[in-house]
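Hello,

I am passing a structure on to you, and my notes follow below it. Please have a look at it first and then read on.

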Amino acid sequence: GHAIIGGHEAVPHSRPYMVLLLMNRPGGRIGQCAGFLLSEDFVMTAAHCQAESYKVFLGLHNYHDQNGVQHVNVPGRNAFPMKGYNPVDCRNDMMLLKLSTKAELNDKVKPIALADRDDGSLPKACVISGWGSTENSKYMSVKLLELNVTLTDNELCANTNMYCSEGERGPGQGDAGGPLVCEDGKAYGVISASTMNPDGSKIQSYKKIPDHSIKEHKGKLHSPTTDTVTIIPVSKEHHICVRDAD
Ligand SMILES: *[C@@H]1O[C@H](CO)[C@@H](O)[C@H](O)[C@H]1NC(C)=O
């Protein structure tokens, strides 16, 4: 895989909602995903990033400079995948993590709002960001990278309630769970998966946030109690949702 492939370094702390997740997986393996802060209690990420436990980094830009970065350890029982998550086709690939200690909000650590508009049109001026692999390396990017993406209509996405972008540029390994941020600066999607077309071209998909099933949960997503979030069992191994790096 490539990384935020074809991206460039973000202005440090210009995306204060961005969260790096390191996941403890079975067998002592460490995985990497991204996420985004919704409130001082909750981080949104992808459901296929589910793990035994998580280390959450808030206020991070450069991994080698942890000055001022908040670290929160989150046990697996604080992870709440969206009801209807399907690990085979990545449908509903979205999950909330409840932070075990509240985030301290400041200039470098701020929540992002979820999009609520769903008039059927594609949002414009979208940006993705993350510390995933790049076109130059399969390892994580030390600094936060970002990339403008153009959403496209296609059958795969219409059928699975996703947003899609196409081409070589896009999320890399380890970028899953990060937000698709568009026009008004709200989160419209969650970086989910990458699919290869028969002709070898790539489709990147993002779990669509402003859909009806989420609207129903919207008030609950911002609630600080976990008992309003539906918990479903999910298998530990996923082969199709490939955007988390080991
Ligand atoms: C990304 O898009 C924004 C506007 O949406 C624009 O201002 C910026 O120049 C674009 N960046 C690149 C590298 O194309």
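**What surrounds the ligand**

His-8, Ala-125 and Asn-148 surround the ligand, each having a heavy atom within 4 Å of it. The side chain of Asn-148 has an N or O atom 2.4 Å from an oxygen atom of the ligand. On its own the ligand exposes 360 Å², of which the protein buries 29% (Shrake-Rupley method, 1.4 Å probe).

A word on the source: this is a predicted model, where local features need pLDDT of at least 70, side-chain atom pairs count only at pLDDT 80 or more, and totals for chains, interfaces and linings use all residues. Residues are numbered from 1 along each chain as its sequence is written, and side-chain values use heavy atoms, without hydrogens and water.

Ala-125 has a positive phi near 50° though it is not glycine. At 61% relative accessibility, Ala-125 counts as exposed (over 50%; buried is under 20%, partly exposed in between, with a 1.4 Å probe and protein chains only). Asn-92, also not a glycine, has a positive phi of about 55°, but at 16% relative accessibility Asn-92 is buried.

**The nonpolar core**

The largest nonpolar core has 48 residues, and Phe-36, Tyr-54, Val-56, Leu-58 and Leu-99 touch the most other members. Such a core is a set of buried Ala, Val, Leu, Ile, Met, Phe, Trp, Tyr and Cys residues joined through side-chain atoms within 4.5 Å. Domain 1 (18-111) and domain 2 (113-208) both contribute residues to this core, so it lies between them (bounds from an automatic or database domain assignment).

Best wishes

Key
A polar contact is a pair of N or O atoms within 3.5 Å; within protein, one must be able to donate a hydrogen and the other to accept it, and residues adjacent in sequence count only if both atoms are side-chain atoms.
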